[in-house]
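Here are my notes on the model, as numbered points. Please read them with the structure open.

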Amino acid sequence: MPDDRQWYINAIFYEVYVRAFYDSNGDGDGDLAGLRLKLDYLKELGVDCLWLLPFYHSPLKDDGYDISDYYQILAEYGTIEDLQALIAAAHQRGIRVITDLVMNHTSDQHPWFQAARLDRQSSYRDFYVWSDTDQKYRDARIIFLDTEASNWTWDELAGQYFWHRFFASQPDLNFDNPRVQRAILDVVKFWLDLGVDGFRADAVPYLFEREGTSCENLPETHAFLKEVRRYVDENYPGRVLLCEANQWPEDVLPYFGQGDEFHLAFHFPLMPRLFMALRQQDAGQVRWILDRTPPLPDGCQWCTFLRNHDELTLEMVTEAERQWMWEQYAPEARMRLNQGIRRRLASLLDHDQALIELAFSLLFSLPGAPVIYYGDEIGMGDNIWLDDRNGVRTPMQWDGSPNVGFSTAQAPDWYAPPVSAAGYSPEQVNVAAQRAHPDSLWHRVRRMIVVRKELPVLGWGSLSWIETSSPAVAAYWRGIEGQRLLVVNNFSRAEQEFTLPFPETPVRLEDLLGGRQVSLTGGNELNITLGPCQYLWLKVDLPR
């Protein structure tokens with residue numbers, strides 16, 4: 001079982017876009033002070049750790065992932081003092097705070113890049129990757145195919161091409177330069193000294209470049225990341241590093257090292273397969289990807305999620321599967337972006353509460369530390385008419401009033417309009433209304449979180465599949481130190497009836513979410529009938 005330094009193994013993470021959450025000063029932008037005012041809501045929901053999207057100074061060409069000053073907070077979000085007040089208030093409530101660490105690239109407005117492009121003799125010239133030709137590293141894929149034709153962009157002032165794995169406004173840092181490595185460690189130190197509890201490290205597979213390779217997952221990258229982990233462990237024990245690497249699970253495994261690299265990593269391929277399984281009414285895709293997932297070193301954990309601030313990525317599927325997913329979930333061109341789908345959870349699942357609850361049942365009962373994207377706990381919708389990924393980054397819908405409880409500013413002055421699509425408007429979907437109704441999605445999600453936090457088996461336990469007569473049913477044991485939990489999920493839109501064998505007669509069976517009476521037949525078998533999209537979490541007390 002964990003010590004306090006392994007708090008993250010069974011934590012509930014909540015991803016917050018600061019600009020979208022709550023505006024404390026009436027300027028139309030959510031801010032850090034506003035987020036602090038909503039901490040009691042997050043505590044009530046059961047959140048253990050906030051993950052804050054980038055709040056650094058930025059020209060916002062990529063919503064803050066283009067950083068122009070690592071040491072300053074975007075003025076619209078507040079000040080460093082506001083961040084410190086937020087962290088202190090969160091800690092008082094038992095909530096930790098991590099933030100994004102964007103180490104692969106900076107904004108082209110960063111003073112480092114501006115100095116580098118103006119003078120080849122500048123000490124910052126070697127902070128970036130330059131070339132007289134755009135033919136180097138041709139085996140590296142282009143990630144943003146919708147907008148970028150090359151990983152190289154010509155700079156007239158510099159008289160050379162510069163390298164970028166994402167937008168051309170985000171030149172990659174040169175990690176072959178020891179000064180760059182030191183600069184990033186200095187950034188880590190600065191924010192950890194201010195009290196943040198760790199970082200979600202953005203786009204880590206791309207730190208180094210080598211000719212004749214894909215320029216991803218290189219040994220040099222792992223060597224530097226191990227140095228970051230060593231530095232954090234030695235100076236800030238109990239802080240965590242979460243890896244963003246959109247790769248197959250076996251390819252992400254090296255980012256954990258031997259328990260000496262990342263503490264956590266996102267399980268990207270699981271997410272699209274959850275949606276495949278839900279649409280196909282067949283649990284096979286979920287079982288397949290989890291069977292392919294290797295065990296982790298001690299002290300490490302996957303982070304699982306249903307949706308986040310980016311598009312629903314379809315990089316880890318076949319071309320045929322990608323086309324099928326687009327047909328099923330993104331029939332309109334505006335719903336697609338890069339190799340993914342820019343829609344929220346509730347929109348993807350047709351605003352069907354039973355289906356959304358089933359998705360959350362899977363999120364909270366399968367292995368991994370769950371991540372909730374702000375607003376998904378109430379079934380917020382999206383706005384596909386906003387550019388890029390902004391359609392899933394709209395203001396949090398706190399109530400049904402004209403200002404949706406978000407800001408005292410007039411809506412035209414907000415950073416983005418609230419969702420107005422039929423079925424998803426703030427009058428129809430908001431926190432206040434759902435908290436007032438015990439059968440709402442918010443209450444169901446909160447109940448799952450309460451149960452999960454009472455059961456260490458869900459964070460630490462093993463997973464064993466149970467064979468059923470129906471491909472639409474995912475049934476599995478979670479087990480640890482004598483604690484057993486049986487979870488059954490019906491992916492079908494039709495009722496499913498089946499029988500599950502028990503290895504021995506339990507002393508007691510307890511339905512943790514539905515309160516149903518459950519008992520075995522005389523032959524140590526459990527007869528189960530699940531309605532459409534219904535799920536069952538059954539605590540099993542076996543004889544000692």
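1. Val 404 is buried, because its relative accessible area is 2%, and the cut-off for buried is under 20%. This is a predicted model. Val 404 sits in a loop, the one running between strand E16 (369-373) and helix H14 (431-436). Its backbone deserves a look: phi of Val 404 is near 50 degrees, a positive value in a residue other than glycine. Most residues other than glycine have a negative phi.

2. Look for Asp 350 in the loop between helix H12 (345-348) and helix H13 (353-365).

3. Now a glycine in a loop. Gly 46 lies between helix H3 (39-45) and strand E2 (49-52). Is Gly 46 buried or exposed? Gly 46 is buried, since its relative accessible area is 9%, against a limit of under 20%. Leaving out residues up to four places away in sequence, Gly 46 touches Ile 12, Ile 449 and Lys 453. The contact with Ile 449 spans 403 residues of sequence, while the C-alpha atoms of Gly 46 and Ile 449 are 6.2 Å apart.

4. Leu 536 is part of strand E23 (residues 535-541). Leu 536 counts as buried because its relative accessibility is 2%. What does Leu 536 touch, not counting residues up to four places away in sequence? The partners are Leu 486, Val 487, Val 488, Asp 511, Arg 516, Ile 528 and Leu 530. As for Val 457, 79 residues from Leu 536 along the chain, the two C-alpha atoms are separated by 16 Å.

5. Next, the nonpolar cores. The largest has 163 residues. Which of its residues touch the most other members? They are Phe 13, Tyr 14, Leu 52 and Trp 191. Trp 191 has contacts with Phe 55, Tyr 56, Tyr 70, Tyr 71, Ile 73, Ile 80, Leu 83, Val 196 and Phe 199, with residues up to four places away in sequence not counted. A second core is separate and has 18 residues, among them Ala 475, Leu 526, Leu 530 and Leu 538. Leu 530, one of its members, is also a contact of Leu 536.

6. Helix H6 (residues 178-193) packs with helix H7 (residues 219-235). Their axes come within 11 Å and cross at roughly 30 degrees. The angle is under 35 degrees, so H6 is roughly parallel to H7. The crossing of H6 and H7 is right-handed. From H6 come Gln 181, Arg 182, Ile 184, Leu 185, Val 188, Lys 189 and Leu 192; from H7 come Phe 224, Glu 227, Val 228, Tyr 231 and Val 232. By class, this contact has eight nonpolar, one polar and three charged residues.

7. Helix H9 (residues 270-280) and helix H10 (residues 284-291) form another pair. The axes of H9 and H10 are 7 Å apart, at an angle of about 155 degrees. That angle is over 145, so H9 is roughly antiparallel to H10. On the H9 side, the contact uses Leu 270, Arg 273, Leu 274, Met 276, Ala 277 and Gln 280. On the H10 side are Gln 285, Val 286, Trp 288, Ile 289 and Leu 290. Eight nonpolar, two polar and one charged residues make up the contact of H9 with H10.

Notes
Residues numbered from 1 in each chain as written. Predicted model: local features only at pLDDT ≥ 70, side-chain atom pairs only at ≥ 80, totals over all residues. Heavy atoms only, no water. Axes fitted to C-alpha atoms, helices over the stretch in contact; angles between N-to-C directions. Helix = DSSP H or I, 4+ residues; strand = E, 2+ residues; numbered from the N terminus. Parallel < 35°, antiparallel > 145°, perpendicular 65-115°, else oblique. Left-handed = near helix turned anticlockwise from the far one by under 90°. Contact = heavy atoms within 4.5 Å. Nonpolar A, V, L, I, M, F, W, Y, C, P; charged D, E, K, R; others polar. Core = buried A, V, L, I, M, F, W, Y, C linked by side-chain atoms within 4.5 Å. Buried < 20%, exposed > 50% of the residue type's maximum accessible area, 1.4 Å probe, protein only.
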